[in-house]
Amino acid sequence: MSMSRARLLVLTLLAMVAFAANSVLCRLALKHTAIDAANFTAIRLLSGALVLWLLVMVRGSAQAGASSGNGNWPSALALLVYAAGFSFAYVDLGTGTGALLLFGAVQVTMIGHGLHAGEKLRARQWLGLLLACAGLVGLLLPGVSMPRPGSALLMLGAGVAWGVYSLRARGGSDPVRVTAGNFLRAAPLAVVLAAWLHRDGALDPSGMGLAVASGALASGIGYAIWYSTLPWLRATTAATVQLAVPVLAALGGTLLLAEPLTPRLLLATFAVLGGIALLLLHAARGIER
């Protein structure tokens, strides 16, 4: 079964917008409400699990989607490490520093795996990769401050876990069901983590609402869309596409948080999205010609 190029591009864009929205929601919750990182992670994964299970049920596979036989523990643990590391790191890290660390780790993990597995990049694809990286660094690096070592390591670990989770999801035959299974496995672990840290935990309606939106919409639906596109993308392409997320998140901050839209942001946006376009146009596999 093949996927048309137009559908692949649209689904990939929707997934990246969902990921960017997830970043914005997390920033809002941890910086502007009283919710803590552990409770945010638990509510996010629980909400995502519920929405994904409902999606599986609507598709006529409720029994399979609700069982623990779908997904697997290594992927669920990778999901938990990413979600928890992301939330805890952003308690101290600045937005630009965190995004640079996270997606830098994603690139090293996924592109390194792809090249190790024998994937080859054409000259135009290398140009796209370098252009996307240059745009991201140009956007984030000038504002980067020296991060705390512990928080930096948490975000690097989250990026590696996200890369591993994406790589493991590429071979799934039913991405929605598999993703639902992974969320159903990871969510109880996140609840245990939040309960363990209950002394330091905090909840409030605004923070909980943002966590639910992050889990149900940006994570649950967004991940289901993303993993439906991964079988048609090479590891190097899937890695580079995600460079769009911090740029889109910055644009979301401009629109939703009244952050200034600078010429540097515009140039970085064109560079990153242009580089991604070069990779998508030449590295997708199995699409119609």
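The questions below treat a predicted model.

Q: Why is the pair formed by Phe19 and Trp162 called edge-to-face?
A: Two rings count as a pair if their centres lie within 6.5 Å, and planes over 60 degrees apart count as edge-to-face. The ring centres of Phe19 and Trp162 are 5.2 Å apart and their planes stand at 85 degrees, so the pair is edge-to-face. The structure holds eight aromatic pairs.

Q: What makes this pair a link between distant parts of the chain?
A: Phe19 belongs to helix H1 (residues 5-32) and Trp162 to helix H7, and the two are 143 residues apart.

Q: What makes the space lined by Tyr165, Ala169, Pro175, Val178, Thr179, Asn182 and Tyr227 a cavity?
A: A cavity is a set of points where a 1.4 Å probe fits but cannot get out. The search of the whole structure finds one cavity of 30 Å³ or more, and the volume of the largest cavity is about 30 Å³.

Q: Which elements give two or more residues to the lining of the largest cavity?
A: They are helix H7 (149-169) and helix H8 (175-196). H8 gives the most, with four residues.

Q: How many nonpolar, polar and charged residues does the lining of the largest cavity have?
A: The lining has five nonpolar, two polar and no charged residues.

Q: Which residues make the nonpolar surface patch of about 250 Å²?
A: Leu50, Leu54 and Met57 make this patch. Residues of a patch have over 30% relative accessible area, and nonpolar side chains are joined within 5 Å. Leu50 lies in helix H2 (residues 37-58).

Note on methods: Residues are numbered from 1 along each chain as its sequence is written. This is a predicted model: local features need pLDDT of at least 70, side-chain atom pairs count only at pLDDT 80 or more; totals for chains, interfaces and linings use all residues. Side-chain values use heavy atoms; hydrogens and water are left out. On a 1 Å grid over the protein atoms alone, a cavity is a set of points where a 1.4 Å probe fits but cannot get out, and a pocket is an open set with protein on both sides within 12 Å along at least five of seven lines; lining residues have an atom within 4 Å of a point. Grid points are joined across faces, edges and corners, and a volume is the space filled by probe spheres set on the points. Ala, Val, Leu, Ile, Met, Phe, Trp, Tyr, Cys and Pro count as nonpolar, Asp, Glu, Lys and Arg as charged, and the others, Gly among them, as polar. Patches are made of residues with over 30% relative accessible area and no salt bridge: like charges are joined within 9 Å, nonpolar side chains (Val, Leu, Ile, Met, Phe, Trp, Tyr) within 5 Å. Accessible areas come from the Shrake-Rupley method with a 1.4 Å probe; for residues, only the protein chains shown count as cover. A salt bridge is a side-chain nitrogen of Lys or Arg within 4 Å of a carboxyl oxygen of Asp or Glu. Rings of Phe, Tyr and Trp (its six-membered ring) pair if their centres lie within 6.5 Å; planes under 30 degrees apart count as stacked, over 60 as edge-to-face and the rest as tilted.
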